[in-house]
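Visitor: I'd like to go through this model with you. Can you put it up?

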Amino acid sequence: MDSLIRQTEGLSRRRGADVLLEILESEKVEYIFGNPGTTELPLMDALVNSTSIRYVLALQEASAVAMADGYAQAAHKPGFLNLHTAGGLGHGMGNLLNASISQTPLVVTAGQQDSRHSITDPLLYGDLVKLAEPAVKWAREVTSPDQLPVLMRRAFLDAVAPPPGPVFLSLPMNVLEEISDVEIGSKSLINRRSVAGGIDELARHLASVKPGQLAIIAGDEIYASKSSDKVAKIAELLAAPVYGASWPSRIPFPTVHPLWMGNLPTTATGIASELIKYDAIFALGGKSLITILYTEGQAVPPSCKVYQLSADIRDLGRTYPSDFSTVGDIGASLDVLLPLLREATSGASDEYAKSYERISTSRQEKDEAIERLACSQFDEPIISPIVAAREAARAIGGGITIVDEAIATSSHLRQFLRSSSGSQYSFLRGGALGWGMPASVGCSLGLGREPVVSFVGDGAAMYSPQALWTAAHEELPVTFVVMNNREYNVLKKFMRSQTDYSSVRSNRYLAMDLQNPAIDYVALAASMGVSARRIEKAIDVAPAIEAGIKSGKTNLIEIVISAA
């Protein structure tokens with residue numbers, strides 16, 4: 001018996017890296033995204049014996065972060081990644097900021113030099129906690145393998161706690177190598193689907209707005225709470241037009257729906273020109289009125305009342321005065337709101353029906369106008385952005401997942417989407433380029449290796465082209481579409497709008513042309529084992545994308561578009 005006890009005790013003693021993997025397995029982690037270095041070698045060695053966790057190799061840390069981001073958004077659970085010391089964390093900071101702004105739940109770790117070594121200022125050493133803090137909810141260094149169960153469990157819980165976002169743990173090499181007999185405990189189950197308070201009062205406010213004079217703003221939280229169908233029911237009941245966020249992470253509403261009015265503009269002046277039509281807005285989720293460049297005035301006109309429902313208490317009434325806001329999970333709260341609204345609006349069903357018909361007709365006219373515009377440009381010698389977007393959307397249809405970082409065509413693409421769900425489309429909310437290509441890799445993994453179409457601009461494609469190799473290595477059905485106008489088009493457009501700029505008067509735009517030499521994206525793809533083709537005629541766009549999707553393999557399509 002004593003011999004058996006000693007044997008059992010011996011089996012419970014293992015390296016910190018093994019403890020870490022046990023915790024990850026119990027948290028149902030499928031993938032570790034990363035790029036290993038010396039300080040990660042204990043973890044890489046432990047992974048040799050793991051049968052449930054796969055290491056996804058990115059060739060640069062910025063790509064690793066975006067892959068984990070795309071995975072977390074698609075799988076609706078935290079992504080886990082492991083970076084390499086201060087340099088690797090530094091490389092990943094741009095996309096870590098993107099994840100923070102998008103409120104993507106990530107558990108971010110980075111290998112650290114052996115803590116006994118730190119007093120000698122060794123190579124690769126840095127204060128990882130301070131470096132990570134601006135981009136995460138919290139950051140901490142693990143000092144013993146015995147701390148791993150508590151701190152790792154806390155990281156997974158806090159990453160998804162509203163508002164969700166990345167958390168960070170520094171993992172010194174000696175912590176992963178030390179022997180421990182610590183118990184990992186069990187995963188905590190926490191129900192965060194709390195119903196907002198004052199739902200009856202919210203129902204009264206919404207029902208008091210004249211039919212047709214209330215607009216719904218569909219924020220990213222709708223996607224996170226899987227509530228697009230419930231928002232559609234609320235919109236139909238109130239006959240309310242539905243707008244997407246001005247700079248979205250998702251389009252969490254079926255774009256085929258007659259009440260869908262598209263995404264709001266990106267300036268305060270532009271947003272106000274839409275919202276001035278309404279007496280009130282009902283904002284579902286926070287941060288839906290993001291503006292890019294400054295314009296005079298407020299995005300929400302003073303005459304427009306604001307009602308909000310969000311799980312993020314920080315955003316309620318933050319920028320614009322709120323007539324009534326409440327905190328809670330959107331899905332759970334709408335379940336309670338819907339029957340209350342149905343009762344409160346029952347006496348005005350005819351008026352709501354007329355409003356619904358007006359909005360539906362307006363939407364149809366808008367669709368027909370944008371279709372005519374695209375048709376008028378179809379035969380131009382160089383493919384225009386609107387035609388490229390129309391043909392791409394036609395080829396993809398309403399079911400294939402889209403990851404978009406092609407700024408030149410993104411607004412056009414959204415206009416042509418005909419999706420029956422609120423989960424087809426994702427976009428670069430953080431604004432730091434280099435997210436889209438690797439995010440599409442993570443997205444496909446998060447969807448069980450389903451097909452994904454990744455749109456990227458020619459400039460953005462050079463930030464994380466390493467994602468091509470990972471996609472091919474993982475044999476993922478990702479079709480990368482590079483919209484190539486051979487310039488930083490969005491910057492030139494802004495410069496041209498500033499008539500007092502010397503650049504406009506001289507027609508010289510410094511550091512904004514990607515020519516001399518031109519970048520060969522087909523050759524770039526081929527160098528990483530990815531089949532590719534270049535498209536220069538509008539008639540070839542849809543067949544190329546259809547073939548790329550049908551191939552079931554990683555492929556790239558370069559579409560030469562005009563700068564218009």
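**Core and helix packing**

Visitor: What does Phe282 touch?

Guide: Leaving out residues up to four places away in sequence, Phe282 touches Leu202, Leu206, Leu214, Ala215, Ile216, Ile217, Tyr307, Gln308, Leu309 and Leu337; contact means heavy atoms within 4.5 Å. This is a predicted model, where local features need pLDDT of at least 70 and side-chain atom pairs count only at pLDDT 80 or more, while totals for chains, interfaces and linings use all residues. Numbering starts from 1 along each chain as its sequence is written, and side-chain values use heavy atoms, without hydrogens and water.

Visitor: How many residues are in the largest nonpolar core?

Guide: That core has 88 residues, and Phe282, Leu337, Phe455 and Ile559 have the most contacts inside it. A nonpolar core is a set of buried (under 20% relative accessible area, 1.4 Å probe, protein chains only) Ala, Val, Leu, Ile, Met, Phe, Trp, Tyr and Cys residues joined through side-chain atoms within 4.5 Å.

Visitor: Which helix gives the largest share of this core?

Guide: Helix H15 (residues 385-396), with eight residues. Helices are DSSP runs (H or I, at least four residues), numbered from the N terminus.

Visitor: And what lies apart from it?

Guide: Another core, of 52 residues, including Phe33, Ala58, Ala467 and Tyr521.

Visitor: New topic, H2. Which residues in H2 are buried?

Guide: In H2 (residues 16-26), they are Gly16, Ala17, Val19, Leu20, Leu21, Ile23 and Leu24.

Visitor: What follows H2?

Guide: Lys28, with a positive phi near 65°.

Terms used. Buried means under 20% relative accessible area, exposed over 50%, partly exposed in between (1.4 Å probe, protein chains only). Helices (H or I, at least four residues) and strands (E, at least two) are DSSP runs, numbered from the N terminus.
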